[in-house]
Amino acid sequence: MNWGLLWKGVLVFTLFGYALLVIVVIFGGAKNIVDMLRDLTKPADQD
Amino acid sequence: MDVFATNFRTVDWIIVCVYICIPVVIGIIVKKYIRQLSDFIVAGRSLKLFIAIATLTGTELGLVTVMYNAELGFKHGLSAFHVGIIETLCILAIGLTGFIVYKLRELRIMTIPEFYEMRFGRNVRIVGGIILALGGILNMGLFLQAGARFMMGVTGYSNPAGLKLFMSVMLIMVLIYTVMGGMVSVVLNDFMQFVVLSIGMLIGSAFAISKIGWGNLFAAPSTVDSATWFNPVSEGSGFGTIYVIFMVVLTFSAGALWQSGTLRALSAKTPKIAKQLYAWSSVSYLARRVIPMLWGICAFVFVSQTPKLLSAFQGPDSLNSQFGMPIFMAKILPSGFLGLIAAGMFAAFMSTHDSYLLSWSSVITQDIVAPLKRERLSDKSRLLITRICIVCIGLFLLIWGLWFEAPVSLWNYMAVTGTIYLAGAFTVVTAGLYWKKASKTGAKIALYAGLLAILGIGPWTTGENIPFYLTDKFIGVMTFLIAFLGMIIGSLLFPDESKTEEGKK
């Protein structure tokens, strides 16, 4: 088994995959925060 | 080259100080949104997918995570990556199947022991709550120490007393905003910290790789055995087959049931979002392992090429291997950006602390104090008790974290103290959700069995040539096995009375 090649692939996937996730979460998360604060100001539920 | 030489300047201190004040301000602002207990503990179950990903990552990517993963990379090289791969596959499996988390979110509970009561009765909840709080609080016991070591390495300020004072001040700031804003404050801070830390980590990785060189990264340094640098199951790698098995059971159970992480799934708006959260977050779980390990690996390559640094990490009075990564980063990152990275790491320190404080204090309130009281506690009383618990745990952490030295490495300490809770919890929740014959007696045996993991941080686990059955990894695997067998045998030999009567009818 070529461990060096495997770890190289893992590292490249991690760096690019995480960069993409960060971009998606920044834009999606900002919208979610607005929605969350709006939900919390509605009348309380019965939990 | 001076070991503690650094690029950290006054401008970096200013960046750090300004940055760590922001969460306190957020805590004060969002206090008005906290009207009931579920707002405080699970943010009113209002989290949508992307903010849930950010807050889960913010919680599970702490300074201590960066430190223990960097230490693994520094000590074991590329072979350490296997822990990240295992964890990622486990999280992805949970996300794709919804195993445990989907059903727990459907039940609308706020803590794991709440499920114990629902399925096995009040006594099991109290026992489970005590063991969870014990394992959890011990688990975060070394966070301050790791944080202080990071600060020493990055700032080059080697007086431990001053740094411990600095870390204590930071802990007090975390206490203030967590006590005031609860989960809403935690979520907003986690989001901000996710953004800063993630960008900082990606840019920091680019600096580290460019310093070492892409080619040198995949060639074992001359000071280590090439096989152990790459292969986690090769002899002498420090890992081995038992360790790999331990990592599989530990990361799978922690992924599904580590209270601070699961709290995010329980805060999700719907069970479906709870499931999606895990599938998406598998990438950030990979990053939280691999990126700090990469920094640790680069640090080791750098140290092995610098004789003075190499000698500082060798011999009887050598520096703790946790110093490797921060000392390296302090030398290669330019001033200004180093301050931003340090601020991001402090953010990580704070975002982990706030969530853990909230998790364990809500467990003590909901699962130990409230069930022991005969009359029902009002939401107001529970909020007050939770806030008092947050402060008490914080005080305990100051004492334990600043003056206790673990006999094993940082990650091993984390793994073993996590197993105290996870071995029992994973068995009890899995059996409770998916096995009709699971009984109260079986659940109690499984929970108590988790306490065996404490043996894994005893003095007998350290030193050269210790027998395999005394190693922390073997004790960890056996604790899971005993808890599992205890649940099966206990349930078959001592079934619940109601079920026995139903069977007779």
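Let's start with the domains of chain B: there is domain 1, covering 10-106 + 141-403, and domain 2, covering 411-505, with the bounds coming from an automatic or database domain assignment. Their centres, taken over C-alpha atoms, are 26 Å apart. A quick word on what we're looking at: this is a predicted model, where local features need pLDDT of at least 70, side-chain atom pairs count only at pLDDT 80 or more, and totals for chains, interfaces and linings use all residues. Residues are numbered from 1 along each chain as its sequence is written, and chains are lettered from A and ligands numbered from 1 in the order in which they are written.

Back to the two domains. Domain 1 of chain B puts 16 residues into the contact and domain 2 of chain B puts in 17, where contact means C-beta atoms, placed from the backbone, within 7 Å. So which element gives the largest share of the domain 1 side of chain B? That's helix 13 of chain B, with ten residues. The domain 1 side of chain B has 13 nonpolar residues, one polar and two charged; here Ala, Val, Leu, Ile, Met, Phe, Trp, Tyr, Cys and Pro count as nonpolar, Asp, Glu, Lys and Arg as charged, and the others, Gly among them, as polar.

Now, please find helix 8 of chain B, residues 122-139. Helices here are DSSP runs of H or I, at least four residues, numbered from the N terminus. The axes of helix 8 and helix 18 (residues 337-372) of chain B come within 9 Å and cross at roughly 155°; axes are lines fitted to C-alpha atoms over the stretch in contact, and angles run from 0 to 180 degrees between N-to-C directions. That makes the two helices of chain B roughly antiparallel, the word for angles over 145 degrees. Their contact includes W360(B) from helix 18 of chain B, and its residues are twelve nonpolar, four polar and three charged.

Helix 8 of chain B has another partner, helix 20 of chain B: these axes come within 8 Å and cross at roughly 155°. This pair in chain B is therefore roughly antiparallel too. Among the residues in that contact are G128(B) and L132(B) of helix 8 and Y421(B) of helix 20 of chain B. The contact has nine nonpolar, seven polar and no charged residues.

Last stop: helix 21 of chain B, residues 440-449, with eight of its ten residues buried, meaning 20 or more other C-beta atoms within 10 Å of their own. K444(B) is one of the buried ones. The buried residues of helix 21 pack against helices 7, 8, 20 and 22 of chain B. Thanks, everyone!

Technical notes:
Parallel < 35°, antiparallel > 145°, perpendicular 65-115°, else oblique. Buried ≥ 20, exposed ≤ 12 C-beta atoms within 10 Å, placed from the backbone.
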